[in-house]
Amino acid sequence: MALHHQLPIYKTGVDLMKLAIDVQLQLPRSLKRSLGDKICDHCAQMLDLMAMANATKAAARARHIEDLLSHLRAMSVLMRVGHEATWIKTPVWSKSVQLLDSIGRQGGGWLKTVYGNPAPAA
């Protein structure tokens, strides 16, 4: 088993955390503690859940991955709201979409390996 910091999903998560910190620094002062902290907190939780999922098996792993995907959805919403309100610039938001999509695909694939690939529909 690979160490969690060697996993591609974790490396993408670290890139997302760096971006989240940049977002927090660029937000208006009145939003740094509220919106910025929430974005960074979701990202930190995602990194922690990646490590926990890598360290567990079966049902516990699936639970961690599902929680990870839940934080991913919440972070996506916060980033979209920030972008629509023009607090988050388009290039930064675009990069966040790429990173979040990548983590979502990797997490979904990881979840499929836990549950086993279902048979294709007839």
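## Briefing: helices, a surface patch and a salt bridge

Trp-87 counts as partly exposed, because its relative accessibility is 35%, which falls between the 20% and 50% cut-offs. This is a predicted model. Trp-87 sits in the loop between α3 (58-84) and α4 (90-115).

**Around the loop**

- Trp-87 belongs to a nonpolar patch on the surface.
- His-83 lies in helix α3. Is His-83 buried or exposed? His-83 is buried, because its relative accessible area is 19% and the cut-off for buried is under 20%.
- Leaving aside residues up to four places away in sequence, His-83 touches Ile-88, Lys-89, Thr-90 and Trp-93.

**Helix α4**

- α4 has 26 residues. From its first C-alpha to its last, α4 reaches 37 Å. That is close to the 38 Å expected at 1.5 Å a residue.
- Which residues of α4 are buried? Among them are Val-92, Trp-93, Ser-96, Leu-99 and Leu-100. Further along, the buried residues include Ile-103, Gly-107, Trp-110 and Leu-111.
- An α-helix has 3.6 residues a turn, so residues three or four places apart point the same way.
- What covers the buried residues of α4? The cover includes α1 (8-26), α2 (29-55) and α3.
- Gly-116 follows α4. The phi of Gly-116 is positive, near 85°.

- How many salt bridges does the structure hold? The structure holds one.
- Asp-37 forms a salt bridge with Arg-33. The closest N and O atoms are 3.5 Å apart.
- Both Asp-37 and Arg-33 lie in helix α2. They are four residues apart, about one turn of the helix.
- Asp-37 is partly exposed, because its relative accessible area is 23%. Arg-33 counts as exposed, because its relative accessibility is 68% and the cut-off for exposed is over 50%.

**Ala-44 and Tyr-115**

- Ala-44 is another residue of helix α2. Ala-44 counts as partly exposed, because its relative accessibility is 35%.
- How far apart are Ala-44 and Tyr-115 in space, C-alpha to C-alpha? They are 25 Å apart. In sequence, Ala-44 and Tyr-115 are 71 residues apart.

Key: Residues are numbered from 1 along each chain as its sequence is written. This is a predicted model: local features need pLDDT of at least 70, side-chain atom pairs count only at pLDDT 80 or more; totals for chains, interfaces and linings use all residues. Side-chain values use heavy atoms; hydrogens and water are left out. Patches are made of residues with over 30% relative accessible area and no salt bridge: like charges are joined within 9 Å, nonpolar side chains (Val, Leu, Ile, Met, Phe, Trp, Tyr) within 5 Å. Accessible areas come from the Shrake-Rupley method with a 1.4 Å probe; for residues, only the protein chains shown count as cover. A salt bridge is a side-chain nitrogen of Lys or Arg within 4 Å of a carboxyl oxygen of Asp or Glu. Helices (H or I, at least four residues) and strands (E, at least two) are DSSP runs, numbered from the N terminus. Buried means under 20% relative accessible area, exposed over 50%, partly exposed in between (1.4 Å probe, protein chains only). Contact means heavy atoms within 4.5 Å. The expected span of a helix is 1.5 Å times one less than its number of residues.
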